[in-house]
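Work through the exercises below with the sequence and the model open. Each task is followed by a solution in steps.

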Amino acid sequence: MAQMLSRRRFIRISAAAAGLSLVPFGREAMADANLLTWRGTMLGAVATMKIHHEHPHEAERLIAAACSEARRLERLFSLYREDSALVELNRTGVLVDPAAEFVDLLEISLRYAELTNGAFDPTVQPLWRLYADHFSRALADPNGPAPADVQAALANVGYRRPHVSRDRIAIPRGAAITLNGIAQGYITDRIVDLLRAQGIAHSLVDMGESRAIGPRPDGQPWEIGIADPDSVNLTATVIPIVNRAVSTSGSYGFCFDAGGRFNHLFDPSSGGCAERYRSVTTVAADATTADAMSTAFSLMAEPQIRSLLVPAKIERVHLIDARGTPSDLTA
């Protein structure tokens, strides 16, 4: 199975004081005596947190607080932790007295599903299971799962199937939820809230999705490098942001097969995988919105995307189509 690439493999927080120009796919930041770095994992991916502060003890406190909050949310949303609330829901079909954040994010997910007519759908996990099981077998058919198996999985997909209330979440037998298309954006937003509450005015938070607090300390915009789908160590374009979030979804992010035909972006209407674009990048005021809509837009033609820019509160979309041709749409 092809390995997941690096876009969703780090957390980076750079808070104001000494200043750091961050370009995730580009030039390296200069070393600084006030830089404190933390590395770990988050939602199954390698994570890094870098924070600049003139008071080292305060930097350490902020990192500890951010880590604690991120870990708490990971215990709710992760598919990689057997003790997470999401894994329990998928295993048992029910969560009683769920955490408020779990209800909030699932309700947000279902609203985006309604807005996009199901292009964004948190119930596609049965398709993930199907493709993962298929390609994990020896001598797996390179053409993917049998059509009958795809249809059987699709019978368990549908964003209207979950029952969600503050007291109880339930899904039918055979159904399963994934929040991987939105949880990293949501956690990024929560860490931004935490840092702002602590008085941070210039920061870039990246938990798989990037969100800026203000400009850089020197007054210039933060710069977000968008990976070249053919070589994620290269930058296709750079997007400057101030108080905005950026998310990229691409079929290159994870592939089930060595040939790269079958990826993690599932079409809930057909059971197939996204193939219209090689990369979709969205810019919005918050990372939750940017994250969800970059996933949904991966399945849509440009006229559909344009029709949703204003309703979804997306300010800019950068597309790289299947031929490698870039284009930009703005609200």
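Two residues are in contact when heavy atoms of theirs lie within 4.5 Å. Among contacts in the protein between residues at least 6 apart in sequence, 63% join residues at least 24 apart. The model is predicted.

**Exercise 1. Overall make-up**

Task: State how many helices and strands there are in the protein, and what percentage of its residues count as buried.

Solution. Step one is the secondary structure: the protein has 8 helices and 14 strands. Step two is burial: 54% of the 331 residues count as buried.

**Exercise 2. Ser 279**

Task: Locate Ser 279 in the secondary structure, decide whether Ser 279 is buried or exposed, and list what Ser 279 is in contact with beyond its neighbours in sequence.

Solution. Start with the element: Ser 279 belongs to strand E12, which covers residues 277-284. Next, take the accessibility. The relative accessible area of Ser 279 is 0%, and buried means under 20%, so Ser 279 is buried. Then list the contacts, leaving aside neighbours within four places in sequence: Ser 279 meets Ile 226, Pro 229, Thr 248, Ser 249, Gly 250, Tyr 252, His 318, Leu 319 and Ile 320.

**Exercise 3. Packing of H4 and H5**

Task: Describe how H4 and H5 cross, and which residues make the contact.

Solution. Two packed helices are described by the angle between their axes and the distance between the axes. The axes of H4 and H5 come within 8 Å and cross at roughly 150°. Angles over 145 degrees count as roughly antiparallel, so H4 and H5 are roughly antiparallel to each other. Their crossing is right-handed. H4 contributes Pro 126, Leu 127, Leu 130 and Tyr 131 to the contact, and H5 contributes Asp 149, Val 150, Ala 153 and Leu 154. By type, the residues of this contact are 7 nonpolar, no polar and 1 charged.

**Exercise 4. Packing of H1 and H3**

Task: Give the angle and axis distance for H1 and H3, and the residues that make the contact.

Solution. Helix H1 (residues 56-77) packs on H3 at an angle of about 65°, with the axes 10 Å apart. The crossing of H1 and H3 is right-handed. On H1 the contact uses Arg 72, Leu 73, Leu 76 and Phe 77, and on H3 Glu 101, Phe 102 and Leu 105. These residues divide into 5 nonpolar, no polar and 2 charged.

Methods
Residues numbered from 1 in each chain as written. Predicted model: local features only at pLDDT ≥ 70, side-chain atom pairs only at ≥ 80, totals over all residues. Heavy atoms only, no water. Helix = DSSP H or I, 4+ residues; strand = E, 2+ residues; numbered from the N terminus. Buried < 20%, exposed > 50% of the residue type's maximum accessible area, 1.4 Å probe, protein only. Axes fitted to C-alpha atoms, helices over the stretch in contact; angles between N-to-C directions. Parallel < 35°, antiparallel > 145°, perpendicular 65-115°, else oblique. Left-handed = near helix turned anticlockwise from the far one by under 90°. Nonpolar A, V, L, I, M, F, W, Y, C, P; charged D, E, K, R; others polar.
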